[in-house]
Structures are given as structure tokens and as C-alpha cells.
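Please take a look at the model below. This short report covers a charged pair and a surface patch.

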Amino acid sequence: MKRLITLGIGAALGYLLGSREGRQNLDKFAKNAQSFWNDPKTQEQVQRATSTVKEQAPGVADRAAGLADKATEAVKDKAPKLAEKADQANAAVHTATQKGADATQGLADKASSAAEKSTGKHADSDTSSGKATAKSSNGDVLSDPSQSLETEGGGPDRY
């Protein structure tokens with residue numbers, strides 16, 4: 001069964017990448033996905049979800065730590081010999097919970113900045129060509145997918 005699924009996926013990818021009609025369908029899908037992502041309603045939902053995650057992450061971490069404390073106390077009461085191991089497990093859970101909360105906060109921040117970039121809040125105008133280009137956090141210029149590589153200076157004769 002696993003091989004049959006792999007064969008099906010390979011055939012679909014071969015069709016999409018190998019035939020003209022498949023590439024056209026893939027380009028159409030990419031264009032639709034890009035227009036969906038740049039839709040103001042979508043960006044509003046992304047911002048709402050990002051802010052919700054930012055607000056809820058510390059509370060979820062606190063609840064997880066509280067449940068770990070309750071579990072530790074229950075183990076200590078029922079099995080006094082396991083008290084030390086329960087304390088070690090509890091400390092590990094607290095550490096993992098804090099790391100998870102920090103990672104969630106970092107991901108929410110990255111998602112927020114990515115959403116801001118995609119809506120054009122960080123767009124700089126290129127005065128020489130009159131086009132708007134977005135810059136990433138490390139200063140690289142991000143290309144506009146609606147532009148061809150030749151108009152952006154990335155054609156075959158660029159070297």
C-alpha cells in the first residue's frame with residue numbers, strides 16, 4: 001500500500017512538472033495561492049491568530065506546569081520511594097514547558113513579521129525602476145513572483 005501511494009505521488013509530480021499542461025496548472029495554483037495569501041481578509045485572520053497565540057502561550061505553559069505539579073504530588077503521596085524521580089520529572093516538565101512557551105512566542109513573532117512583510121508594510125520603493133521591492137530582515141531583496149526573472153536582472157545572461 002505504501003509503495004502504491006508513493007507511485008501515485010510520483011506520477012502526479014511527474015505530470016505537474018513534466019508536461020506543459022501540468023506546469024500551467026501548477027502556475028495557476030501558485031498564482032491563486034499568492035492572491036489568497038495577499039488578500040486583506042486572510043492577512044487579518046493571520047494577524048488575529050498570531051495575536052491569540054501570543055496571548056495564550058504563557059497561560060498554556062502555566063497550566064501545563066500546574067498539571068505537572070499535581071501529578072508530582074500524586075506520585076509522591078502514592079509512592080514515597082519515587083518522590084525523587086517525580087521531582088526530577090517535574091523539573092524536566094517545567095523546563096520543557098518554558099522552552100515550548102518561548103518557542104511558541106518566537107514562532108508567533110516570526111509569523112507576525114512574515115505577515116507584515118507579505119502585506120507590504122516593509123516595502124521599499126526602488127527609485128531607478130519605479131518598482132516596490134521587499135527586503136528581508138537580513139537585507140536581501142525579495143523578488144516579486146509576478147515579475148519575470150529577466151526584468152529583475154536574474155536572466156540567463158546575468159553572469
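Start with Glu-44. Its relative accessibility is 44%, so Glu-44 counts as partly exposed, because that class covers values between 20% and 50%. Keep in mind that this is a predicted model.

Glu-44 has a partner. It forms a salt bridge with Arg-48, and their closest N and O atoms are 3.0 Å apart. Side chains of opposite charge can pair when their charged atoms come close. Where do Arg-48 and Glu-44 lie? Both sit in helix 3, which spans residues 40–78. They are four residues apart, about one turn of the helix. Arg-48 has a relative accessibility of 44%, so it counts as partly exposed. The structure holds one salt bridge.

Which helix gives the largest share of the patch? Helix 1 does, with six residues. Helix 1 covers 2–18 and helix 2 covers 20–38. Each of these two helices supplies at least two residues of the patch.

Leu-13 is found in helix 1. Its relative accessibility is 45%, so Leu-13 counts as partly exposed.

Here are the accessibility values side by side.

| Residue | Relative accessibility | Class |
|---|---|---|
| Glu-44 | 44% | partly exposed |
| Arg-48 | 44% | partly exposed |
| Leu-13 | 45% | partly exposed |

Key:
Residues numbered from 1 in each chain as written. Predicted model: local features only at pLDDT ≥ 70, side-chain atom pairs only at ≥ 80, totals over all residues. Heavy atoms only, no water. Buried < 20%, exposed > 50% of the residue type's maximum accessible area, 1.4 Å probe, protein only. Salt bridge = Lys/Arg side-chain N within 4 Å of Asp/Glu carboxyl O.
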